[in-house]
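Have a look at the coordinates, then read on.

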Amino acid sequence: MSIEVHDISKTFGTFAALRSVSLRVETGELVALLGPSGSGKTTLLRIIAGLEQPDAGSGPIRFEDTDVAGRGVGERRVGFVFQHYALFRHMTVFENIAFGLKVRPKRVRPPRSVIRDKVLSLLKLIQLESLANRYPHQLSGGQRQRVALARALAIEPKVLLLDEPFGALDAKVRQELREWLRRLHEKIHVTSVFVTHDQEEALELAARVVVMNEGRIEQIGTPEEVFHDPKTAFVMNFLGHVNLFHGRMEEGKVRFATVACDAPDHAPSSAEAVMVFVRPHELQVDTKRNGQASFSATVLRVSSAGPNVRLELVADSGDQIYAEMPQERFRALNITRGSRVFVTPREIRVFTET
Amino acid sequence: MAGSIARRLSLGPQTRAAAVISERPLVRWLLIGVALAFLGLFLVVPLVAVLVQAFAKGIGPYFAAQWEPDALAAIRLTLLVAVIAVPVNTVFGVAASWAIAKFNFVGKNLLLTVIDLPFTISPVVAGLIFVLLFGRTGWAGPWLADHNVRIIFAVPGIVLVTVFVTFPFVARELVPLMQAQGTEEEEAARVLGAGGWQTFRRITLPNIKWGLLYGVILCNARAMGEFGAVSVVSGHIRGLTNTMPLQVEVLYNEYNFSAAFAVASLLTMLAVVTLILKTLVEWQNKRQMALAAQEAVVEGLGR
């Protein structure tokens, strides 16, 4: 089932959590709402679920072709996974998963044996068959998360909504669960939206990423699009590491840090003051001038633990920047703290100064 | 009460601290001795005295004093008042704490303050308020007299002041508990299709049951033992509007000491039973808290 929200606003007191947001999620898609805290992503998710009401004057919330804006949270039949799981603490794992089926009105409630089979098959799906009689406090964080997911899936939702699903887990469990959720989604193919502030999680898991900031959607696109072709300075800054320079546009060239580069196609033509972003791995570091437009800098610090070497540099213009390179390249250059280097920006992105 | 939860929570660290802080044996025994002497003098001696006085004339008169018609009427009235006041305040307490803990609304702080009013006001004043409202010369007095309704110096008045005085017990116990538990479980139940009543009965109630029971026990103890406010509105009509505490006073004023203490011993036993129940519930509550803490630890490890 597809989800479509149109022109949704939400204000808490004087705080505008959402400002006229519109979004469409296709049937079977796995979409991430990505943004810093306070960007409105959780509010949007809760509005889709019906846990929060949008401001008066907001547009429709459509599931397929039906407007569900007027429907109560229980009637929308969505699966919702809460950030802290919200498992019923006085119920066993089995009872937790069965809850959504047990509370149905008598005429649509499946018989006991059907509920039992359903719960057992879900337990199998989450690989926790042996823990059916445990209580939530007897489970690890990752196990609780899976129970919460099984509980949400028990009502056979047309839409699955997950609020920071891995937010409260340690890095290793997080990675495992991420893989597991991706495989699960491939298997059951339910339209899914998850909220996260972790860019890696969003880029790795989602088919499309919705980047949000201050109650607005900054950009919607595939992980490749938002990472390689950011449409706004915020998206550029939020995804991955960046170096920021303040520069000027002059006669089709971008001037910053004592260098003048050819302006990329997307650069504003009229604006004088611009922000120039360069990712650390797109800064080429040499010990000699290489004939291309480059600026000179001094190495402040080298950190070589990890697959890439990270250099902290200070440009002659005073800008403090980071550059990244593979280990082999670093060894070939033979530089240390205090070395003088020449830095060539290979790929720059330019946005009007705000 | 709010304090009691804090006390229960602080038990863990205190027991751990005991291993670290150690006084010299002499000082320790001296302090323990002083505490025990104080406890004995002010709590145990009076308790024993009540029983000694009650049985002063032997077992026969002791039971005779309780089976006497006026005493029986007092016991019946006390039970009746408790049977009405405790459920009323239980329902109110649950409703008020639900509203305070789970929703935001205008006047929330005012409600929180007003709930405590019966604790801060002298019971005698509480009784007088109701005389002022429903007494013969009170605001609603003439209207009530016209319709032949008696509230003051009758059973309804006693019930009303008891409800007033025992108002905060359940709510005070539940508000912090419910606030600590948050609303996520209720939201989860709603998303899964549970209605309002189902959510309350299957999710909220099981989560608060020990705290609720604790509040009800305290509420009941006070409802049966209240003297001041009831004394003002009762009129002391023997066999009709005397509750047990009032009956004790009447007998005492008539120098009928053994009968007075015989009835008093019943109230004392009620207190002891309350204490035992309270301890049991507290123990259960603590176990639940420990579970919750354990849960928090597991969550912390997962982070």
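## Pairing in chain A

Two strands count as paired here if DSSP finds at least two bridges between them. Keep in mind that this is a predicted model. With that rule in hand, take strand E11 (residues 243-250) of chain A: it runs antiparallel to strand E14 (residues 273-278) of chain A, with six bridges between the two.

Chain A has nine helices and 20 strands, and its C-alpha atoms fill a box of roughly 80 × 45 × 35 Å along the principal axes. It has 354 residues, and 41% of them are buried. Of its contacts with a separation of 6 or more, 67% link residues 24 or more positions apart.

Chain B is another story: 15 helices and zero strands. Of its 303 residues, 32% count as buried. For the contacts in chain B with a separation of 6 or more, the share from residues 24 or more positions apart is 76%.

## A six-stranded sheet

Chain A also holds an open sheet of six strands with mixed pairing, in the order E6-E7-E8-E3-E9-E10. Strand E6 (78-81) and strand E10 (216-221) of chain A are the edges, each pairing on one side only. Ignoring direction, neighbouring strands in this sheet are turned by 15° against each other on average.

At the E10(A) end, strand E9 (residues 208-213) of chain A pairs with E10(A) in the antiparallel sense over five bridges, and Met212(A) has Ile217(A) in E10(A) as its bridge partner. Helix H4 (residues 141-153) of chain A packs on the sheet, touching E6 and strand E7 (159-163) of chain A. The direction of H4(A) makes about 165° with that of E6(A).

## Phe82(A), in contact with both chains

Phe82(A) lies in the loop between E6 and helix H2 (93-102) of chain A. Is Phe82(A) buried or exposed? It counts as buried, because 21 C-beta neighbours fall inside 10 Å and the cut-off for buried is 20 or more.

Leaving out residues up to four places away in sequence, Phe82(A) touches Ala148(A) and Asp163(A), plus Glu184(B) and Ala188(B) from the other chain. The C-alpha atoms of Phe82(A) and Asp163(A) are 5.3 Å apart, although the two residues are 81 residues apart along the chain.

## Where the chains meet

The contact between the chains takes 21 residues from chain B and 26 residues from chain A. On the chain B side, helix H11 (184-191), H12 and helix H15 (257-302) each supply at least two residues. By class, that side of chain B has eight nonpolar, six polar and seven charged residues.

Helix H12 (residues 196-225) of chain B deserves a look of its own. A straight helix of 30 residues would span 44 Å at 1.5 Å a residue, but H12(B) spans only 37 Å between its end C-alpha atoms. H12(B) also has a kink of about 60°, centred on Lys209(B).

Methods. Residues are numbered from 1 along each chain as its sequence is written. Chains are lettered from A and ligands numbered from 1 in the order in which they are written. This is a predicted model: local features need pLDDT of at least 70, side-chain atom pairs count only at pLDDT 80 or more; totals for chains, interfaces and linings use all residues. Helices (H or I, at least four residues) and strands (E, at least two) are DSSP runs, numbered from the N terminus. The expected span of a helix is 1.5 Å times one less than its number of residues. The bend at a residue is the angle between axes fitted to the seven residues ending there and the seven starting there. Two residues are in contact if their C-beta atoms, placed from the backbone, lie within 7 Å. Ala, Val, Leu, Ile, Met, Phe, Trp, Tyr, Cys and Pro count as nonpolar, Asp, Glu, Lys and Arg as charged, and the others, Gly among them, as polar. A residue is buried if 20 or more other C-beta atoms lie within 10 Å of its own, exposed if 12 or fewer, and partly exposed in between; C-beta atoms are placed from the backbone. Axes are lines fitted to C-alpha atoms, for helices over the stretch in contact, and angles run from 0 to 180 degrees between N-to-C directions.
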